[in-house]
Amino acid sequence: MQPTAVATPSRTVPPSCVGDCNGNGSVNIDELIILVNIALGGASAATCAAGDADQNGLVIVSELVSAVRRALYGCAAPQLEPYTYSAERCTYPHAV
Ligand SMILES: [Ca+2]
Ligand SMILES: [Ca+2]
């Protein structure tokens, strides 16, 4: 009797589209809400594997930013440069 090949499970979500929880090729507001909930500890990272870009079991701010960018520019957009923090961006121009 010949051994039969066993199918290897594969990722259903392309790693290139951070935040596309359901793998439909776009990141929607409901997926962003899920990611924020994961980041705040309200759900497990397994709830949206596509949001945990480095697969470390956590969704952090840089991953949230990546997901927001994918929501804005689409999953087919070229790889975006890494988000860099700038304190100037957090300063309101009208602050006293
Ligand atoms: Ca989606
Ligand atoms: Ca992560």
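Mentor: The protein chain has 2 helices and 0 strands, both kinds being DSSP runs numbered from the N terminus, with helices (H or I) of at least four residues and strands (E) of at least two. This is a predicted model, in which local features need pLDDT of at least 70 and side-chain atom pairs count only at pLDDT 80 or more, while totals for chains, interfaces and linings use all residues. Residues are numbered from 1 along each chain as its sequence is written, and chains are lettered from A and ligands numbered from 1 in the order in which they are written.

The average pLDDT (the predictor's confidence in each residue, from 0 to 100) is 80 for the protein chain, and 67% of the residues score at least 70. Over residues 9-14, however, the pLDDT is below 50. Where pLDDT is low, the predicted coordinates should not be read in detail.

Let us now examine Ala-71, which lies in helix H2 (residues 61-73). Ala-71 counts as partly exposed because it has 18 C-beta neighbours inside 10 Å; a residue is buried with 20 or more other C-beta atoms within 10 Å of its own, exposed with 12 or fewer, and partly exposed in between, with C-beta atoms placed from the backbone. Leaving aside residues up to four places away in sequence, Ala-71 touches Gly-19, Val-27, Asn-28 and Leu-32, where contact requires C-beta atoms, placed from the backbone, to lie within 7 Å. Asn-28 is 43 residues from Ala-71 along the chain, yet their C-alpha atoms are separated by 6.0 Å.

Key: Contact = placed C-beta atoms within 7 Å.
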